[in-house]
Amino acid sequence: MEWLKKLLEGKGLSEEQIKAIVSGVEENYQGYVPKHRFDEVNEAKKKLESDVKDRDKQLADLKKNAGDNEELTKQIEQLQADNQAATEKYEAAMTELRMSTAVKLALAGEVHDPDIVTSLLDKSKIELDDNGAIKAGLDEQVKALRESKAFLFVQKEQQNKKPQFKGLTPAEGRDNNGGEQQSQGGGLAAAVAAHYTQN
C-alpha cells in the first residue's frame, strides 16, 4: 500500500489520516487480487495451455512412431490421460479464481465479509463475460441473500457515511461559569462517607 500512502501524502493529508485511510482500504479489500497480478496469472495460464498442446502433440507423434511396442504405447496413453486430468484441474482452478475475484469485486462495499457471502452463492448460475466481469446470475442471488441474511450486508446509510473526525472533549467537573462542579459519583461518595462518620 506504499503507492496509496505516497498519493495521500501528495494531497497534504496528515500521518494520522493516512493511517486511517490505508487501514480502511486494507480491511475492506483484503483478499482481492490486483489487476496486474490477475494479468500475470492469466498470461501464465496461456503459456501453460500452449505448453500442454505442445506436449500433447509430442506424445501423439511418439505414439505413432512407437508402432507395435505395446508397453510404450500404454505408457504414452497413461501420460496422455494424466496430462488431460492435470489440464482439467488447472482450468477448473482458474475458472474458480476468476469467478471468486469477479464476485468479490462486485460485492465490495456492500457486504461485511465478501468471503462468507461468496461461499453462500451458487457460482454455477453466475456468468462472466470475456473480460472477467459478471454478466448475469449474481443480482438475483444477492437480493435473496439480502432478504434472508440481512446481517451480512452493510446498511445503505453506512455505505454513504463519510468518516468523522472528533476532537477533544471538555474536561468534566466544571460548570459553564468555570466553577467547580461535583460529579454524580463524587456526590454519592461524599454522602456515603458522611453517613458512616455520623454512625
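I took accessible areas from the Shrake-Rupley method with a 1.4 Å probe, where for residues only the protein chains shown count as cover. On that basis I noted that the chain exposes about 15,500 Å², of which carbon and sulfur atoms supply 51%.

I kept in mind that this is a predicted model, in which local features need pLDDT of at least 70 and side-chain atom pairs count only at pLDDT 80 or more, while totals for chains, interfaces and linings use all residues. Residues are numbered from 1 along each chain as its sequence is written, and side-chain values use heavy atoms, with hydrogens and water left out.

I looked up the secondary structure next and found 8 helices and 2 strands, these being DSSP runs (helices H or I, at least four residues; strands E, at least two) numbered from the N terminus.

I then turned to salt bridges (a side-chain nitrogen of Lys or Arg within 4 Å of a carboxyl oxygen of Asp or Glu), of which the structure holds 7. In helix H3 (residues 35-66), Glu 43 and Lys 46 lie 3 residues apart, and their closest N and O atoms are 3.8 Å apart. Glu 49 and Lys 45, also in helix H3 and 4 residues apart, have their closest N and O atoms at 2.6 Å.

I checked burial (buried is under 20% relative accessible area, exposed over 50%, partly exposed in between, with a 1.4 Å probe and protein chains only): Lys 45 counts as buried because its relative accessibility is 18%, whereas Glu 49, at 27%, counts as partly exposed.
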